[in-house]
Amino acid sequence: MAAPSTRGRPDQQPKSAQPQHQPQHQPSPPKPGESHDRTRVEVRRSARRSRTVSAYREGDRTVVLIPARMSHAEEQRWVAQMLEKLAAQESRRIPGDDALEARARELSAAYLDGRAKPTQVRWVTNQNSRWGSCTPAEGTIRLSHRLQGMPEYVLDYVLLHELAHLLVPDHGPGFWALLEAYPRTERARGYLEGVVSAARLPHIPGARSADPQSDPARSCG
């Protein structure tokens, strides 16, 4: 069997009447000693795949694409292997808290004239309703673990967004003026909007809406 790829995307439906994908299958929980993946798993079987297996993150789940003819035992083996492969790749590119704080200071110097001076920047796993939050009085910034594995420019945007809140707590014109210097603001917001739409996650930080229930200020603690 060919080596797995982690760059795959869902195949298009075949022209035949045969369904291309089988219903979602959730593999058994990992045994003691095995790593526990942070996402739900969806297995999609494709009649157009003959040998290759691929996997990718989609919101808060992992999609694994396998050939339709693959047995259940082979499916279980490949799912476990692909989860380990994705986790290993992400762990190599996810910055730790110290690196996150250093990056925040670099962004402050580059786009905010160094005026935003965080006292602490760290990852948290209890923020499922927001991408990031901050406490201006204490100078602390917290980023949701859901951002881990996303493109660097998206992480930079959320960091810069929270850094701006250390200077301006609301989302008025003064706040948005601080973000104008960052050239990838709209691109990053578009990326997060896509994730929100695909996975039905909470609103992106700073999303402008007339609905008081989706007040973007809720993204900053």
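What is the mean pLDDT of the protein, and what percentage of its residues reach 70 or more? The mean is 75, and 68% of the residues reach 70 or more, where pLDDT is the predictor's confidence in each residue, from 0 to 100. The structure is a predicted model, in which local features need pLDDT of at least 70 and side-chain atom pairs count only at pLDDT 80 or more, while totals for chains, interfaces and linings use all residues. Residues are numbered from 1 along each chain as its sequence is written, and side-chain values use heavy atoms, with hydrogens and water left out.

Where pLDDT is low, the predicted coordinates should not be read in detail. Confidence is lowest in helix H1 (residues 72-93), at a mean of 79, and highest in strand S6, at 95.

The overall layout comes next. The protein has five helices and six strands; helices (H or I, at least four residues) and strands (E, at least two) are DSSP runs, numbered from the N terminus. From the N terminus on, the elements follow the order β-β-β-α-α-β-β-β-α-α-α. Of the 221 residues, 45% count as buried, meaning under 20% relative accessible area, with exposed over 50% and partly exposed in between (1.4 Å probe, protein chains only). Among contacts with a separation of 6 or more, 52% link residues 24 or more positions apart.

Seven bridges join S1 to strand S3 (residues 61-67), and the two run parallel; here, two strands pair if DSSP finds at least two bridges between them. Within this pairing, Glu42 stands opposite Val63 in S3. Strand S2 (residues 54-58) is mostly covered, with four of its five residues buried. S2 is joined to S3 by five bridges, and these strands run antiparallel. Ser54 has Leu65 in S3 as its bridge partner.

Further along, three strands form an open sheet in the order S4-S6-S5, with mixed pairing. Strand S4 (120-124) and strand S5 (132-135) are the edge strands, each pairing on one side only. Neighbouring strands of this sheet are turned by 20 degrees against each other on average, direction ignored. Five bridges join S4 to strand S6 (residues 140-144), and the two run parallel. Trp123 has Leu143 in S6 as its bridge partner. Helix H2 lies across S4 and S6, running at about 130 degrees to S4.

Helix H2 also has a helical partner. H2 (residues 97-111) and helix H3 (residues 152-167) pack at an angle of about 70 degrees, with their axes 10 Å apart. That makes H2 roughly perpendicular to H3, since angles of 65 to 115 degrees count as roughly perpendicular, under 35 as roughly parallel, over 145 as roughly antiparallel and the rest as oblique. Axes are lines fitted to C-alpha atoms, for helices over the stretch in contact, and angles run from 0 to 180 degrees between N-to-C directions. On the H2 side, the meeting residues include Leu100, Arg103 and Tyr111, and on the H3 side they include Leu155 and Asp156.

Methods
Contact means heavy atoms within 4.5 Å.
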